[in-house]
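We will go from stop to stop, selecting as we go.

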Amino acid sequence: MSYDTLRYDVSESGVATIALDQPETRNALSDALLDDLIAALEAARDDEQVRCVVLTSTHDTVFSSGGNLAGFAADVPLIHKHLASGRFPSAFRLLGELGKPSICAANGHVLAGALGLALACDLIIAREEARFGTPEINVGLFPFMIMALIYRNIGRKKANELLLLGEQISAREAERIGLVNRVVAAGEFDEVVRDWAEKLAGKSPTMMRLGKDAMSRQQDMALDDALEYLRSQLTIAFSTEDLQEGVKAFFEKREPDWKGR
């Protein structure tokens, strides 16, 4: 598939790589880029051959600089700005509702609204040189759109620090506070991303979809409601051919042959 602001590729192992590709703007999240991203995520969601999605960047040092500040300050009707900002929650929801695992391969700095994209992914692998932050307060703005994702991923006091001070933190600090899963040296980065992506792509697609949906839905439920919902999902899992195949392969000491049913 061809997009103006990003590259989209699906490997033989079922890994769809979406690479933001506007280096001249440091992948600022313009309306055009977000439209392409939403379209690419929908394509990956609807493609049965795709088993895992990797979100990354073609820029040498920046994953994305965040929202398009010029667009925020543009002299256009307020309602137009409000409608345009709906692209952010649409992209975040799509990443959560792919029915397939996603990895943010943060090969460079992840700033402002881009931190929301990263946190909307299931896993984040960061290159050692990458930095993370929400600098919006420094330009008279506030990271409203990504606040909910930040508070759902790290402790409240650290979240407050990021939001209120607007200072950047290193990849190692991001790993320490639970913002990212793993930090990798530049020379090993692509290999580690590929390894995790192919491992995820090799799991049962049916169980991944059930599991991913459950991960998203249960997080804001009351405990008793969550337990009952998850018990019903376990019952559905019992009915799948993939569960039967997985157990059979385990006892026969072989790799499972997933049918996606």
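Select Val54 first. Its bridge partner in β5 is Ile103. This is a predicted model, so each value on this tour is computed from it. Now widen the selection to residues 52-57, strand β3, and residues 102-106, strand β5. The two strands run parallel, and three bridges join them. Strands in a sheet pair through backbone hydrogen bonds, in either a parallel or an antiparallel way.

**The hairpin at one edge**

Go to β1 and β2. They pair in the antiparallel sense, over five bridges. Pick Val10 and find the residue opposite: Ala16 in β2. Four residues lie between the strands of this hairpin.

Now click Ser11. It sits in the loop between β1 (6-10) and β2 (15-20). Is Ser11 buried or partly exposed? Its relative accessibility is 29%, so it counts as partly exposed. Show its side chain together with that of Ser13. A polar contact of 2.9 Å joins the two. Then draw a distance from Ser11 to Gly113, C-alpha to C-alpha. They are 102 residues apart along the chain, and the distance is 28 Å.

Move along to Ala19, in strand β2. With a relative accessible area of 9%, Ala19 is buried. What is it in contact with, leaving aside neighbours within four places in sequence? The answer is Leu6, Arg7, Thr56, Ser57 and Thr58.

**The cysteines**

Select the cysteines next. How many disulfides does the structure hold? It holds zero. Cys52 is in no disulfide, and the nearest cysteine sulfur to it belongs to Cys121, 9.6 Å away. Cys52 counts as buried because its relative accessibility is 0%. Cys104 is in no disulfide either: the nearest cysteine sulfur, again that of Cys121, is 5.1 Å away. Cys104 is also at 0% relative accessibility, so it too counts as buried.

**A sheet of four strands**

Clear the selection and pick β4, β6, β8 and β9. These four strands form an open sheet in the order β4-β6-β8-β9, with mixed pairing. The edge strands are β4 (62-64) and β9 (169-170), and each pairs on one side only. Look between them. Strand β6, residues 109-111, pairs with strand β8, residues 131-133, in the parallel sense over two bridges. Pick Leu111 to find one such link: its bridge partner in β8 is Gly133.

Select Glu173, in helix α8 (residues 171-176). At 19% relative accessibility, Glu173 counts as buried, because the cut-off for buried is under 20%. Show the side chains around it. A polar contact of 2.9 Å joins those of Glu173 and Arg176. Another, of 3.3 Å, joins those of Glu173 and Lys158.

**Last stop: helix α10**

Select residues 205-218. Helix α10 has 14 residues and spans 20 Å from its first C-alpha to its last. That is close to the 20 Å expected at 1.5 Å a residue. Which residues of α10 are buried? Colour Thr206, Met208, Leu210, Lys212 and Ala214. Finish by showing what covers them. The cover includes α4 (87-96), α9 (186-201), α11 (223-238) and α12 (241-251).

Note on methods: Residues numbered from 1 in each chain as written. Predicted model: local features only at pLDDT ≥ 70, side-chain atom pairs only at ≥ 80, totals over all residues. Heavy atoms only, no water. Buried < 20%, exposed > 50% of the residue type's maximum accessible area, 1.4 Å probe, protein only. Polar contact = N/O pair within 3.5 Å; in protein donor to acceptor, adjacent residues only side chain to side chain. Disulfide = S-S within 2.5 Å. Pairing = 2+ DSSP bridges. Expected span 1.5 Å × (residues − 1). Contact = heavy atoms within 4.5 Å.
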